[in-house]
Amino acid sequence: ADRDASSHIELAKKEAELEKARQSIAQQNERTYKILLATADSLFTAKNYIDAKNSYSEATRLNSKDPYPADRVREINDLLAEQSRLLAEKQKQQAAMDSNYGKLLLQGDHLFNDKEYQKALAAYQEALTLKPQEAYPKERIAKTQAAIEEQKRQLAAEQERRDFELAQQNDTASVSRKDSLFMQDSLREQL
């Protein structure tokens with residue numbers, strides 16, 4: 001009987017120790033849970049959603065009865081999905097702008113090579129509005145403006161040459177008429 005009583009006492013002691021260990025583990029888990037929630041909330045506020053999600057998920061594993069961390073995980077998943085959608089939209093817009101920019105430069109280069117400088121200038125200027133930091137459209141605008149000035153100078157020189165030739169023709173015609181009149185006068189005098 002003493003042996004049974006002694007084994008019951010030992011068993012009771014072990015059960016008490018186990019209960020004490022369980023309570024200690026439960027208290028430690030509760031402290032860890034609270035630390036995880038505080039950390040997750042701080043990360044969430046800082047918009048560090050991935051790390052916040054991991055902390056909320058860990059907190060859920062420690063205390064599945066509290067719906068708060070699981071709700072936050074769902075909220076983060078929604079936020080991350082929206083961020084991903086916005087990023088994809090932004091990338092799509094950037095790709096469209098890059099494509100348009102490239103087309104404008106190509107169009108400007110073709111127009112420049114065809115000596116359609118005003119149209120080329122407009123294409124380069126539009127490309128520059130899409131990417132104002134890029135050097136190439138600025139360089140092409142300067143080159144196109146120089147070509148326009150050279151073209152104006154050449155047109156002015158050509159017009160001046162034509163005016164000179166016309167004046168020479170008029171002078172030659174005038175001299176010819178004067179010569180003709182002089183000849184007619186000379187012939188009359190001789191008669």
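A residue is called buried when its relative accessible area is under 20%, exposed when it is over 50%, and partly exposed in between (1.4 Å probe, protein chains only). The structure described here is a predicted model, in which local features need pLDDT of at least 70 and side-chain atom pairs count only at pLDDT 80 or more, while totals for chains, interfaces and linings use all residues. Residues are numbered from 1 along each chain as its sequence is written, and side-chain values use heavy atoms, with hydrogens and water left out.

The chain has 5 helices and 0 strands, where helices (H or I, at least four residues) and strands (E, at least two) are DSSP runs numbered from the N terminus. Read from the N terminus, the order of elements is α-α-α-α-α. Of the 191 residues in the chain, 18% are buried. The accessible surface amounts to about 14500 Å², and carbon and sulfur atoms supply 54% of that surface; such areas come from the Shrake-Rupley method with a 1.4 Å probe, and for residues only the protein chains shown count as cover. Contacts, meaning heavy atoms within 4.5 Å, can also be sorted by distance along the sequence. Among the contacts with a separation of 6 or more, 50% join residues 24 or more positions apart.

Helix 2 can be looked at next. Seen down the axis of helix 2, the buried residues fall within an arc of 125°, so they line one face of the helix; the arc is that of the directions from the helix axis to the C-beta atoms. These buried residues are Tyr-49, Ala-52, Ser-55, Tyr-56 and Ala-59. The face of helix 2 turned away from the buried side carries the exposed residues Ile-50 and Arg-61. Within helix 2, Ser-55 has a relative accessible area of 11% and is therefore buried. Beyond residues up to four places away in sequence, Ser-55 touches Leu-36, Thr-39, Ala-40 and Leu-43.

Buried in helix 4 are Tyr-117, Ala-120, Leu-121, Ala-123, Tyr-124 and Ala-127. Down the axis of helix 4, these buried residues fall within an arc of 165°, so they line one face of the helix. Gln-118, Lys-119 and Thr-129 are exposed on the other side of helix 4. Asn-100 belongs to helix 3 (residues 67-113) and is partly exposed, with a relative accessible area of 33%.

Aromatic rings come next. Rings of Phe, Tyr and Trp (its six-membered ring) pair if their centres lie within 6.5 Å; planes under 30 degrees apart count as stacked, over 60 as edge-to-face and the rest as tilted. The structure holds 3 aromatic pairs. In the pair of Phe-44 and Tyr-49, the ring centres are 5.4 Å apart and the planes stand at 65°, so this pair is edge-to-face. Both Phe-44 and Tyr-49 are buried.

Charged groups can meet rings too. A charge sits over a ring if NZ of Lys or CZ of Arg is within 6 Å of the ring centre and within 35 degrees of the ring normal. Arg-140 lies over the face of Phe-112, at 4.6 Å from the ring centre, and Lys-131 lies over the face of Tyr-101, at 4.8 Å from the ring centre. Lys-131 sits in the loop between helix 4 (117-130) and helix 5 (135-190), and its relative accessibility of 14% makes it buried. Apart from neighbours within four places in sequence, Lys-131 is in contact with Gln-94, Met-97, Asp-98 and Tyr-101.

Two loop lysines complete the description. Most residues other than glycine have a negative phi. Lys-47, in the loop between helix 1 (2-45) and helix 2, has a positive phi of about 65° and is exposed, with a relative accessible area of 61%. Lys-115, in the loop between helix 3 and helix 4, has a positive phi near 65° and is exposed at 54% relative accessible area.
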